Amino acid sequence: MRNKHALIGAFIGLGALVGVANAETITVHDVSQNTATGVYVYQVQLDPSADVQNPSDGFVIYDFPGLISATLTPVTGSLTGADFTLNQTLTSNTLTQSASVDSFASSVASSNSIPFDNPNVENLSFDYTGSPNPFLGAAVSTLTLTTSVLGADTQSMYGSIDHSGPDQVLAPYSIAANPVTVPVPEPTAVALLGIASASLLARRRRKS
């Protein structure tokens, strides 16, 4: 009996520490990508049980380079770009439960064989700051991101979090993560230097 109580206590402690239940309440889906113009379009969907309360809630698109502009327009419901603050960071995200979002997104990335959170490429965090507070229920919006990086795209991740967890004491948050399409980052200065050096060495070998 003592061991049983200890096990129950450990699970409760873990729930209080992590405070996150896995559920796909806020999801981000690919719509279209134009690598010639740098326009990437996504659908941001809140399901009927969504509970978006404050800047601790929202979503992040990892490793989106060269952002020029971002617009969020409603399809159903009333969520627009005015309801979110866009923050850009090189690592992690600016949501309150950032470690939990990162951990889950990293796990999903690994299961899909996708590199996760390149420290040289910016992450785009959309932190909810709108009204009404909380925003409850279903909504669909179109997110359009324009980048200066042209030519190719690849797979990265989105992660999201809100307050729709099943237990508002032990697990007040629900998270989601899945692959999305993003621009391929431009080579770093170091990589370009390496390419130039290799090219120079090849020319010298041809001359000799």
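Me: What should I know about the model before I start?
Reply: It is a predicted model, where local features need pLDDT of at least 70, side-chain atom pairs count only at pLDDT 80 or more, and totals for chains, interfaces and linings use all residues. Residues are numbered from 1 along each chain as its sequence is written, and side-chain values use heavy atoms, with hydrogens and water left out.

Me: How many helices and strands does the protein have?
Reply: Helices (H or I, at least four residues) and strands (E, at least two) are DSSP runs, numbered from the N terminus. Here there are three helices and twelve strands.

Me: In which sense do β2 and β3 pair?
Reply: Two strands pair if DSSP finds at least two bridges between them. β2 and β3 have eight bridges and run in the antiparallel sense. Across this pairing, His29 stands opposite Gln43 in β3. The two strands form a hairpin with four residues between them, and Gly38 in the turn has a positive phi of about 80°.

Me: What share of the 208 residues is buried?
Reply: Buried means under 20% relative accessible area, exposed over 50%, and partly exposed in between (1.4 Å probe, protein chains only). In this protein, buried residues make up 40% of the 208.

Me: Which residues touch the most other members of the largest nonpolar core?
Reply: In soluble globular proteins, nonpolar side chains tend to be buried together. A nonpolar core is a set of buried Ala, Val, Leu, Ile, Met, Phe, Trp, Tyr and Cys residues joined through side-chain atoms within 4.5 Å. The largest one here has 26 residues, and Tyr42, Leu46, Ile61, Phe64, Leu143 and Leu145 touch the most other members. Several strands give two or more residues to this core, among them β2 (26-34), β5 (58-61) and β10 (139-147). β3 gives the most, with four residues. A second, separate core of 13 residues includes Ala105, Val108, Tyr173 and Ala177.

Me: Is Thr181 buried or exposed?
Reply: Thr181 is in strand β12, and Thr181 is buried, with a relative accessible area of 7%. Contact means heavy atoms within 4.5 Å. Leaving out residues up to four places away in sequence, Thr181 touches residues including Asp30, Tyr40, Tyr42 and Asp153.

Me: Which side chain does Thr181 join through a polar contact?
Reply: A polar contact is a pair of N or O atoms within 3.5 Å; within protein, one must be able to donate a hydrogen and the other to accept it, and residues adjacent in sequence count only if both atoms are side-chain atoms. The side chains of Thr181 and Asp30 are joined by one of 2.7 Å.
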